[in-house]
Amino acid sequence: MGRPVFLLVGLLPLLVATTALAAVVEHTFIVQNLTLNRLCNRQVITAVNGSLPGPRIRVREGDTLVVHVFNKSPYNLTIHWHGVFQKLSCWADGPNMITQCPIRPGNKYTYKFRLIDQEGTLWWHAHVSWLRATVYGALVIRPKSCHSYPFPKPHREVPILLGEWWNANVIDVEQQAIATGALPNLSDAYTINGWPGDHYPCSQNQMYKLNVEAGKTYLLRIVNAALNSQLFYKIANHNLTVVAVDASYTKPYVTDVLVIAPGQTVDALLAADQDVGSYYMAASAYSTAAGLPFDNTTTRGLVVYGGAPLTATPLMPTLPAFNDTLTAHKFTSNLTGLKDGPHWVQVPRTVDYGMFVTIGLGLEPCPANKTCLGPMGAKPSASMNNQSFVPPTGLSLLQAFISNVNGVFNTDFPAKPPIEFDYTNASINNNPPSLFAPKVTKVTKLNFNSTVEMVLQNTAILGVENHPMHIHGLNFHVLAQGFGNYNPAEHRNIFNLVNPQIRNTIGVPVGGWAVIRFRVNNPAAGYQFVSSKELSKELANWKLQIHKSKEEEIIERVKGKNKIWFRQLQLHLVAVSFSQNPIVPSLFLIICFVSITTPKVSPTEFLPVSNESGGNSIASNISDKDQNKDPRKTQYALENLTSWLLKQELAGNIHDELTIDENLIQAAISVALSLKFIECCLVEEHALTLDKQTKANANQTVSINGCGILHWQVHQHPWKPR
């Protein structure tokens with residue numbers, strides 16, 4: 001038993017050195033009713049910790065975020081972490097009935113995940129019904145300690161959250177629209193950091209104010225948290241320099257106006273370089289659905305220079321017209337990614353799976369003996385490839401996938417529209433049967449690490465409009481966007497494959513298209529594209545499910561052949577570190593150490609050999625025959641691997657071109673899965689502290705769930721997936 005002590009002691013300097021570089025950031029959300037005075041009314045809303053917006057969360061890249069949510073509201077609730085990759089923690093993503101069941105009134109739930117390979121501004125919000133209108137807040141991810149921004153350090157960072165306000169209960173507004181088929185009542189105001197501004201009645205003193213010093217530069221972290229509206233944003237007499245969108249750095253882009261779709265974020269530098277005085281910041285709608293009503297009001301805040309006279313009349317910016325598509329498209333199409341900047345990802349050049357997805361509205365029949373107020377006496381229904389998604393009711397998609405429960409969803413979501421037509425020609429509305437989209441619960445199954453190229457095509461069914469689309473758990477490159485019908489023969493020639501912008505949410509141009517490309521490198525189930533235009537409760541979602549049958553087959557094979565051997569082993573330490581792909585050079589460290597009481601056998605597998613690329617390689621050779629003949633050889637092979645990897649880490653070689661065969665990794669994990677253990681510690685690029693309850697529980701076990709990551713399953717553990 002001497003060797004286990006030696007290796008554990010050898011790890012202590014690594015643990016001590018890395019713990020200081022990352023942190024566990026913990027928050028508590030109390031969600032309950034809050035009464036506010038707005039627009040001459042007293043209105044009860046659902047809010048977090050008694051504030052609107054909710055708490056701002058600040059972390060550094062690599063930190064672990066833990067949020068305890070106590071639902072004291074009268075409604076079911078989940079929290080979605082908009083734009084977070086959720087690498088190997090998909091159960092924490094938050095979409096209701098997709099990755100979890102709702103947190104019921106009077107109950108609590110804990111979200112826990114790491115912020116990896118992301119810097120910038122994201123946000124969190126409720127993901128049940130319209131609660132997102134008031135349950136939201138900023139999530140700011142700064143660079144790691146001793147790392148800097150790829151632009152001059154600002155004097156101050158300022159969150160700017162744009163929202164919508166109703167003089168009504170938003171749940172009632174939504175339910176009325178669903179019941180009648182009519183469009184939902186319009187919002188009564190837009191807001192900046194929860195305040196409507198002095199353009200609205202009874203709001204002279206309800207306006208956000210930003211105090212600045214002349215000559216200083218400020219980083220505005222802008223979020224469009226509005227429920228249904230895309231927004232223009234300007235500051236009088238000032239330019240803004242865009243440096244990031246959706247927590248992905250951009251080549252600096254100077255503009256006097258921003259266009260932000262619901263769910264999108266923009267990081268922009270504001271230089272206080274004008275005369276000392278007061279200047280309005282303002283936001284108003286960009287609305288493209290011809291003939292449909294919209295909230296045509298303007299919210300205002302103030303930028304006030306130090307030393308400005310209190311009586312000075314603020315200057316007001318001239319905002320674009322509500323339907324100024326030229327200005328909107330100029331902004332969205334001129335953004336480019338910061339090539340070779342922090343966390344830059346090259347555009348995948350080969351495509352494994354192509355999709356052509358029409359997006360827009362459709363209709364669903366009015367229920368029998370009911371009167372519906374929508375077009376043709378029906379109800380509006382969001383649609384993708386003429387499919388309108390129905391969420392499951394008794395079991396989340398993720399749990400159904402993990403538990404292999406049949407009948408919850410189908411995997412035949414079409415890769416193209418069932419019928420091709422002139423997508424942006426309004427004459428399609430002359431064929432009523434084509435307007436109705438069947439209600440389904442369908443997903444698309446994709447292979448891990450495959451590349452998907454998707455054309456998002458707006459249609460003229462019930463009218464064209466600029467349509468926001470969001471993907472959970474992954475970013476995508478925006479290769480091109482334009483108007484009319486997408487034509488590959490023409491439009492592929494304008495693809496930006498060098499430095500396209502990287503996003504998690506895109507506003508598909510009105511009556512137009514966008515082409516996005518992404519790699520399915522997040523081993524998880526239940527990620528989704530979602531329409532941000534929530535005109536009905538049954539949103540048209542496209543789900544994608546990453547298939548990991550090879551991994552599951554390896555695990556089952558190793559576990560099934562070594563039951564007797566596993567009972568002999570006593571696990572002292574398992575330290576597993578993953579980046580987004582467990583077999584690429586970004587892997588930091590895998591250490592598996594076990595001990596048994598039987599005599600030692602010299603290992604013959606997993607020995608370091610030279611790699612053709614000049615890096616290090618460990619070849620695994622676990623065969624059923626060898627395992628049955630002498631399973632102790634595999635155990636000591638793992639022990640040998642531990643020693644070798646530890647030496648590599650201490651020598652500083654672990655970041656070289658290190659590749660490890662996938663079979664080896666899965667066999668090592670399988671050892672951990674099959675044993676009751678004394679202690680388990682995740683040693684990643686930064687060390688994590690294990691939950692004390694997990695350590696203390698005598699009945700703890702470890703398993704791999706459908707997300708493909710070691711996950712603690714402890715009796716009544718607060719953050720195991722539902």
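Helices (H or I, at least four residues) and strands (E, at least two) are DSSP runs, numbered from the N terminus. The views below show a predicted model, in which local features need pLDDT of at least 70, side-chain atom pairs count only at pLDDT 80 or more, and totals for chains, interfaces and linings use all residues. Residues are numbered from 1 along each chain as its sequence is written, and side-chain values use heavy atoms, with hydrogens and water left out.

**View 1. A cis peptide bond at Pro 53.** Start with the loop that runs between strand E2 (41–48) and strand E3 (57–60), where you will find Pro 53. The bond joining Leu 52 to Pro 53 is cis, with omega at about -5°.

**View 2. Positive phi at Asp 117 and Ser 129.** Neither residue here is a glycine, yet phi is about 60° at Asp 117 and about 50° at Ser 129. Asp 117 sits in the loop between strand E6 (108–114) and strand E7 (120–126), while Ser 129 belongs to the loop between E7 and strand E8 (136–142). For accessibility, buried means under 20% relative accessible area, exposed over 50%, and partly exposed in between (1.4 Å probe, protein chains only). Asp 117 counts as partly exposed because its relative accessibility is 28%; Ser 129, at 24%, also counts as partly exposed.

**View 3. An open sheet of six strands.** Follow the order E10-E9-E12-E17-E14-E15, with mixed pairing (two strands pair if DSSP finds at least two bridges between them). Strand E10 (189–192) and strand E15 (248–255) are at the edges, each with a single partner strand, so one side of each has no neighbour in the sheet. From one strand to the next, the twist averages 25° (axes are lines fitted to C-alpha atoms, and angles run from 0 to 180 degrees between N-to-C directions). Strand E9 (residues 156–165) pairs with E10 in the antiparallel sense over four bridges; look for Leu 162, whose bridge partner in E10 is Ile 192.

**View 4. Two nonpolar cores.** A nonpolar core is a set of buried Ala, Val, Leu, Ile, Met, Phe, Trp, Tyr and Cys residues joined through side-chain atoms within 4.5 Å. The largest has 57 residues, and those with the most contacts inside it include Ile 160, Leu 162 and Met 281. Strand E18 (residues 278–286) gives the most to this core, with six residues. Apart from it lies another core, of 37 residues, including Val 48, Val 67, Ala 126 and Leu 139.
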